[in-house]
Amino acid sequence: MNAKLLIAGLLAALTLFSAGCAGQKSVIPTEKIEGSTLYVKKVENLPYDFIMGMDASSVIAEEQSGVKYYDFDGNEQDVFKTLAENGVNTIRVRVWNDPYDEEGRGFGGGNNDIDKAVEIGKRAAAVGMQLLVDFHLSDFWADPGKQFCPRAWEGMEIEEKSEAAYQYVKSCLEKLRKAKVPVRMVQIGNETNGALAGEKTWFNIQYLMQAGSKAVREIFPDALVALHFANPEKAGSYAEYAKKLDYYQVDYDVFASSYYPYWHGTLDNLVSVLNAVTDTYGKKVMVMETSYAYTAEDSDFSGNTIGEGGAYTKDYPFTVQGQANLVRDVIDAVANRMKSGIGVCYWEGTWIAVGHDSYEANSALWQQYGSGWATSYASKYDPNDAGRYYGGCAVDNQAMFDPFGWPLESLRVFNLARYGNEAEKKADAIEDVTLFVNLNDAIELPESVNAVMNDDSKQPVPVTWNVTDADLQRMSTGGVNTYEITGEADGLTAKCFINMVEYNFLENPGFETGELAPWVLTERGSADELYVENKVTDSLTGDWHMHFWSAGANTVDFSLEQNVERLAAGHYKFEISIMGGDAGDTEIFAYVLVDGVEVGRAEMEITVYNEWHTGRIASFEVPEGAVVTVGISVKCSGSGAGAWGKIDDAKLCTPVK
Ligand code: CA
């Protein structure tokens, strides 16, 4: 950086961080933190005012529960100071209208009302950080699954409700202004994918957004107004939201997205959908929430969203380095690949275990101080989720502090991303190996496995497996089964999953090539979507499956089949699986033709998400030289928003004797 740029940067820094926090000293470093073991590839062109955000909403409830936070030297220290010292410049805080029951008992999730936000804002400001206020406009969690109306607004018509929203947001912001909290951004609604405060039409939603935005413009004219959405992977959804906002002329500055890499598609896709919003409507964009697991282990006796196994994308190892690499890559995508990307907020990096003795001891603290995700007191307001599953923290393994409050090295990514830190290159984790072996064939284990290096590159390293030849022999002849074995590679533990499977005579049986061929698709209807899709969470196994969806009734009608020739004469079986929903009346079946004549049919159904149904023709005879056609036929009348489904894992095998 040349001197002129340096001075410009410092001036920008002074302007930004002196505003509203007169007399308070920033501890945000303006130089690189030295001595870190973390590998961080430099993110080029990072403006000084790029939002390095941390949602720390649960901190006060955590502290009330007895949690202590430390600095890198092991001294107990204000956690906001530790965040600032490592390059975080903005604290995000959620605000619920009234997260308490009639007897004043908190709903949990930090019991975050405006008074907590003021307290957090003051502590953030004291060390030089600004505040990003996240109004859920609900009495408890708002996300794509629920947008409950605050109890005080129940029964109001939209005009009255909008006025209530305006007055509410205004009064909250006045409290922040009175407390001299430097508010950098205010978001109206949280993950508002087509619903807000109980309203489910855009005509009504936009009223509420306008009301909140108006209050922000009046009280904090220099703050940005953000709207926040989730599920960037859902094709066309962001374009649709942005179009509605434009149609209704909603006054906002930032179109923000959640990005949880397990479910939310690729960074390439995120860049593409947010750039489209910038290109079309000139909006700033940012990643409002992201996080990544540094371990698969739970630490507070309350199960986590992410752990060992599970059908979701896992592009980085669950290590401290893997967590930092994800954050670095998201920062890079926003800063360098988005045309008007302004920042990244990490979600709840400070939410950790409140105790280490027992579920009962922790549960008492969650109930008393609201330091778990929900208490039983939220049951009446949110009966189907909080009412059933209330408990502790589901993201403690995605925090940037360990279970005892010590900061993880990954926290330094917010500073080191600006400068880069070329730590010595070394293996950070070993990629799992998955083998599919035909029954009774010899199991050949790989001699090398992929090490994931700390710079996120991969390189093969030799491996020693902890297994004997006799073990392998038993697995080979032990029928259909899955085995997990471990080994050692470069001083780290390697894992191999051995799947003993029946020989499958089909090609591309689970669509894992990403192509349709050699399947033949015959479309008899006019479905809006009918293609091979890459989405691990919607696949029975692997990453790919056949997808269909249609908005209109009676438009889904197709068959999908594959021909197999030159089978040896004998008996075979065929099966294929499907899941889906909203299908109305259906006619779905798996079928087998031998030389064009149907010899077997298995009726199937679709019900709800993640409930797979398998159509199986258990035995049919194939004469020498015959052409066998196996397939699935799908016809849905559709109900509500239209029928959808996923087809996966076809098998044509010889029945095992
Ligand atoms: Ca947990």
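This report walks through a predicted model, one region at a time.

## The calcium site

Let's begin with the metal. Which residues hold the calcium ion? D298 (OD), D300 (OD), S302 (O), N304 (OD1), C393 (O) and D396 (OD) coordinate the ion, at 2.2 to 2.3 Å. Along the chain, these donors follow the spacing D-x1-D-x1-S-x1-N-x88-C-x2-D. N304 sits in the loop between β7 (284-290) and α9 (320-337), while C393 sits in the loop between α11 (386-389) and α12 (413-416), so the pair ties together parts that are 89 residues apart in sequence. Are N304 and C393 buried or exposed? Both N304 and C393 are buried.

What about the geometry? The angles subtended by the six donor atoms around the calcium ion run from 71 to 178°, and this makes the arrangement octahedral.

The loop between β7 and α9 also contains F301. Have a look at the backbone of F301: its phi is near 65°, a positive value in a residue other than glycine. F301 is partly exposed, with a relative accessible area of 39%.

## Strand β20 and its two partners

Now move along to strand β20, which covers residues 570-581. This strand is mostly covered, with nine of its twelve residues buried.

Which strands does β20 pair with? One is strand β23 (residues 613-622), which pairs with β20 in the antiparallel sense over eight bridges. To find this pairing in the model, look for S577, which stands opposite T614 in β23. Another partner is strand β25 (residues 644-653), joined to β20 by eight bridges and also running antiparallel to β20. Here you can look for I578, whose bridge partner in β25 is I647.

Strand β21 takes in residues 586-594. Seven of its nine residues are buried, so β21 is largely enclosed by the rest of the structure. Nine bridges connect β21 with strand β24 (residues 628-636), and the two run antiparallel. Within that pairing, L593 has T629 of β24 as its bridge partner.

β21 is also joined to strand β22 (residues 597-604), through seven antiparallel bridges. V592 is a handy place to look, as it stands opposite G600 in β22. How many residues lie between the strands in the hairpin of β21 and β22? There are two, and D595 takes a positive phi near 50° in this hairpin.

Another sheet has four strands, in the order β10-β15-β14-β13. The sheet is open, and its pairing is mixed. The strands at the edges are β10 and β13 (464-465), each of which pairs on one side only. Inside the sheet, β14 and β15 pair in the antiparallel sense over nine bridges. As an example of this pairing, the bridge partner of I485 is C496 in β15.

N508 has a positive phi of about 50°, although it is not a glycine. With a relative accessible area of 11%, N508 is buried.

## The second largest pocket

At least two lining residues come from each of β10 (433-438), β14 (481-489), β15 (492-501), β20 and β25.

Which strand gives the most to this lining? That would be β25, with four residues. Sorted by class, the lining has ten nonpolar, eleven polar and five charged residues.

## A spot in strand β3

Finally, find L131, which lies in strand β3 (residues 130-135). L131 is buried, with a relative accessible area of 0%. Along the chain, L131 and A324 are 193 residues apart, and their C-alpha atoms are separated by 23 Å.

Note on methods
Residues are numbered from 1 along each chain as its sequence is written. This is a predicted model: local features need pLDDT of at least 70, side-chain atom pairs count only at pLDDT 80 or more; totals for chains, interfaces and linings use all residues. Side-chain values use heavy atoms; hydrogens and water are left out. Buried means under 20% relative accessible area, exposed over 50%, partly exposed in between (1.4 Å probe, protein chains only). Two strands pair if DSSP finds at least two bridges between them. Donors are N, O and S atoms within 2.8 Å of the metal (3.2 Å for Na, K and Ca); water is not among the atoms, so sites may look incomplete. Four donors count as tetrahedral if all angles lie between 85 and 135 degrees; four count as square planar and six as octahedral if opposite donors are over 155 degrees apart and all others between 65 and 115; anything else is irregular. Ala, Val, Leu, Ile, Met, Phe, Trp, Tyr, Cys and Pro count as nonpolar, Asp, Glu, Lys and Arg as charged, and the others, Gly among them, as polar.
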